[in-house]
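Here is a briefing on a structure, arranged by topic. Keep the sequence and the 3D view open while reading.

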Amino acid sequence: MSVKSVDPEEVDAAEILGSAIERREDPRLVTGEGVYTDDIQRPKMAHMALVRSQYAHAEVKDIDTSSAEEMDGVAGVYTFEDLVSEETPGEGEFMLPVGWLLPDLKQVAYPVLANEKVRYQGQPVAVVVAQERYQAHDAADAVDVDYERLDAVTDPAEAVSGGAPQLHDDAPNNVAFDFELGDADAVDDAFASADATASLSLTNQRLVPNAMEPRAAVADFKPGTGELELEMTTQNPHLHRLLLAGVLGFPEHKFHVVAPEVGGGFGSKIHIYPEEALACWTAMLHERPVKIQLTRTESFLTDAHGRGHETDVEVALTNEGDVLGMKVDTKAALGAYLSAFGPAVPTFLYATLLSGQYALPAIHCNVVGAFTNSTPVDAYRGAGRPEASFVVERIMDVAADTLGMDPADIRRRNFVPVDEFPYQTQVASVYDSGDYETAMDKALDMVGYESFRERQEAAREQGRYLGVGISCYIEACGIAPSELVGELGAQAGLWESGTVRFSPSGTVMAYCGTANHGQGHETTYAQILADELGVDYDTIEIVEGDTDEVQQGMGTYGSRSAAVGGSALVESARKVVEKSRKIAAHHLEADESDIEFDAGEFYVSGAPERSMTIQETAGAAYLAHDLPDGMEPGLEATSFYDPENFTFPFGTHVAVVEVDPDTGEVTFEDYVGVDDVGNQINPKIVEGQVQGGVAQGIGQALYEGAVYDENGNLVTGSMQDYAVPKAEHVPEMRLDETITECPHNPLGVKGVGEAGTIAAAQAVVNAVDDALSPLGVDRRDLDMPLTGETVWRAIQNAEGGA
Amino acid sequence: MAEHDITLTINGEEHELSVEPRTLLVHALRDELGYTGTNIGCESSLCGACTVHMDGDAVKSCTVLAVQADGSDIGTVEGLAEGGEFHPIQESFQEEHGLQCGYCTPGMMMTATAYLEEGGSTDRDDIRHALEGNLCRCTGYQNIVNAVESAASKMGGASGAD
């Protein structure tokens, strides 16, 4: 069932869009030629290392840098006072900004280096610059910081419950925001008229993104020109330029940010962190290149974590299985400070998806954002949407169980009907298009759902515990339009920019403000443009990730690149074609309205022998000897595409598992996914995105979880203690699709980067829950990750601790 | 810190260099000699991104000291292709979409080639087991297993497992 790749040479131009061609990124990546940030070497380059707090909560009494400054190779050791000193470069306040505001949000100061207090383990306190990498780390170890420890709190519910240690004077009770969405009265009415209710309390545990390449930066300041260049691990170079320019007080037009090869991100390389700002500042101070390469330990401690919810959910039901209303109460950990998009993730990216795939007449959601003595929390693959789908799909199973219904039947009964799109949910989202039942039926068919229950029964008689778990997930991609997100609190627009430029010889350069870090944009964007322009795939070059080359951009996250960036390129290509059409009409001495365009060729309607290729129009446009009156020379166009709505991919994933009651071990018998991501530009890349996403969702379900002790120490601070899934941990997946086009973008695409992650966790947990159903296990004991120990203990508790 | 003179033969080319006793092989390869194809993911031998061949065995070069490698033959990703022709493992990783961001890929391919050259089984579960020391966060591994399976058949066809 695997998609078969093809060599682009073997694909007709007319078929290139939608073909599973091999990626053009790969040759440089499989030979080691690709240049990641730490591969960059510069003459006179110094290395930077951070002094980090070993405590989660403490007052910083004194920082003694004298021994470190005396060490071999050390060029300087600096603290917050040095950053804001008038003697040093940068007019900024050296505070990290928050990119999304909510009503009454407590905007607490997040200094680049801790100035009075530290509030999470790993927070930078001082920075060292030295000639060599090892020297910088040695000197950082030699900085002596005098702390006075304070009590810490890391659990979000505990943090806001009163009496917990306070993190910020400006945020009483550690409450950063208290957010509501939906209609509480309507929900009360639904519960008042319900035949039955079902409820669940759950934890959606904290995760560490763990992109394989830890964050890194090389900053270089050229005093002669006043230019600052920053090569860094980023998913959004323009956004980093804008935000860092503000932090440093440095002019944006003199600031050049580049994303070299980036080794994965999953959200963690969207955000703005202290280290990259410090690389810039030290490079300006020393007027030489400075590199920072974080270690894996530092990644665990400081890359923004994901999830971290404590949630109570309850639904009002009729005996027939209609869900009348749902109320959700969530305490979301934000960590010690507000990360760039931290406030958006558990609010507008979460509560707005709580209708799932269902026509729920009443929903109310309350989310309290809690400051905790832990790493800031922000977008990690899925970002709010996995948390929402997890809540909805778990409670649907509990509701089915309460009513004695089949979990597939209760879903089918409540799906948004296929003829009701666009569908206005009760939590602000308007779903663009969908066909939920077809996707679920296909997935159920693939696992043989009809016969499964008999097999399950037979297995139980032999003391074997099989379970099936259904997840009908919904995703929202390409958050937009900008005006709407502005009303919701975003401090940025969420358009995307694309430029298409013909060269005089007829080849094409295209520039997009998204930033590839594994998604294969160079391949897929070239496929899109080959189709739009009717030119050879090989004659198109795609440029991303460089603020000097690409006009503007918002970056790659939220599964937005194809839907928003791809659409921007399409719009530009169409503008180019229209200009070319005018040139062709002029040269073919025909009326523009009589010129047809097909497969890269303009011809006079009814007289196809009178024709001109688009490349010939490019030549004519640059030669400029004979253009229509008033036309400027050149052939290029730029678009800023601002979508009219989000896109809403969806699908059904089904896990079939067996649980060993003696060990608690969960093994997969089957895993299938039917995903509807709209039109597919490259089915092989779509498959890869889904498979990788599912692996992360299974990681959450069974293996991963960031754990803090009561003092705020991250006890899962290495790959020894935090289980990133290995090849053996991930099942063979069988994937299929349905295709429901997005009605509001020119490609009909929806986005696929996060689908697998949003889908997978609850499919697995529902399957384990189903497997254990004869044992009467307490669902509160089935909080993720469902390690062997967790499941074994749940079984033991159900059996009365036997 | 006192330095030691060592000799490393990398992809057949001999290099003499001076390193601190604590210098990791991966830093000697990358920072001293410019073989940056080998990546560093965890510096603790858990992720396998830095896997290279040392005298034919796959080793994690973040947990080998450069001085320990003195006199040895080191194979890196830069040495996989020969005469402009991809090694079957490189070809298969591209064909099977066995990579996305590419960061784990050099290490993954070095582990896989050592495994296949030793005549490792092509059973999919065995391949997954053979790759247990190499983490990938992008692909979900299925297409990596496909790539190793496909490379095995090409290598078997071309030169036979040795």
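In which loop is A:Ala428 found? A:Ala428 is in the loop between strand E16 (423-424) and strand E17 (430-431) of chain A. Helices (H or I, at least four residues) and strands (E, at least two) are DSSP runs, numbered from the N terminus.

This is a predicted model, in which local features need pLDDT of at least 70 and side-chain atom pairs count only at pLDDT 80 or more, while totals for chains, interfaces and linings use all residues. Residues are numbered from 1 along each chain as its sequence is written, and chains are lettered from A and ligands numbered from 1 in the order in which they are written.

**Backbone features in chain A**

- A:Ala428 has a positive phi of about 80°, although it is not a glycine.
- A:Ala428 counts as partly exposed, because 16 other C-beta atoms lie within 10 Å.
- The cut-offs are these: a residue is buried if 20 or more other C-beta atoms lie within 10 Å of its own, exposed if 12 or fewer, and partly exposed in between, with C-beta atoms placed from the backbone.
- A:Glu287 is not a glycine either, yet its phi is positive, about 50°.
- A:Glu287 sits in the loop between helix H8 (274-286) and strand E12 (290-293) of chain A.
- A:Glu287 has 13 C-beta neighbours inside 10 Å, so it counts as partly exposed.
- A cis peptide bond leads from A:Ala480 to A:Pro481, with omega near -5°.
- A:Pro481 belongs to the loop between strand E18 (465-474) and helix H14 (482-488) of chain A.
- From A:Met784 to A:Pro785 the peptide bond is cis, with omega near -5°.
- A:Pro785 is placed in the loop between helix H19 (755-771) and helix H20 (788-798) of chain A.

**Domains of chain A**

- Chain A is assigned domain 1 (41-153 + 224-294), domain 2 (432-475 + 646-798) and domain 3 (495-641); such bounds come from an automatic or database domain assignment.
- Between the C-alpha centres of domain 1 and domain 3 of chain A the distance is 41 Å.
- In chain A, 17 residues of domain 1 are in contact with 14 residues of domain 3; contact means that the C-beta atoms of two residues, placed from the backbone, lie within 7 Å.
- On the side of domain 1 of chain A that touches domain 3, helix H7 (237-248) and strand E11 (255-258) each supply at least two residues.
- H7(A) gives the largest share of that side, four residues.
- By class, that side of domain 1 of chain A has seven nonpolar, eight polar and two charged residues.
- For these classes, Ala, Val, Leu, Ile, Met, Phe, Trp, Tyr, Cys and Pro count as nonpolar, Asp, Glu, Lys and Arg as charged, and the others, Gly among them, as polar.

**A sheet in chain A**

- Three strands of chain A form an open antiparallel sheet in the order E22-E23-E24; strands pair if DSSP finds at least two bridges between them.
- At the edges are strand E22 (595-598) and strand E24 (607-613) of chain A, each pairing on one side only.
- From one strand to the next, the twist averages 35°.
- Four bridges link E22(A) to strand E23 (residues 601-604) of chain A in the antiparallel sense.
- A:Asp598 has A:Glu601 in E23(A) as its bridge partner.
- Helix H16 (residues 561-588) of chain A lies across E22, E23 and E24 of chain A, at about 130° to E22(A).
- Helix H17 (residues 614-623) of chain A lies across E23 and E24 of chain A, at about 50° to E24(A).
- For these angles, axes are lines fitted to C-alpha atoms, for helices over the stretch in contact, and angles run from 0 to 180 degrees between N-to-C directions.

**Where chain A touches chain B**

- Chain A brings 41 residues to the contact and chain B brings 44 residues.
- Helix H1 (26-30) and helix H18 (683-703) of chain A are the elements that give two or more residues to the chain A side.
- H18(A) provides the largest share of that side, six residues.
- The chain A side divides into 14 nonpolar, 16 polar and eleven charged residues.
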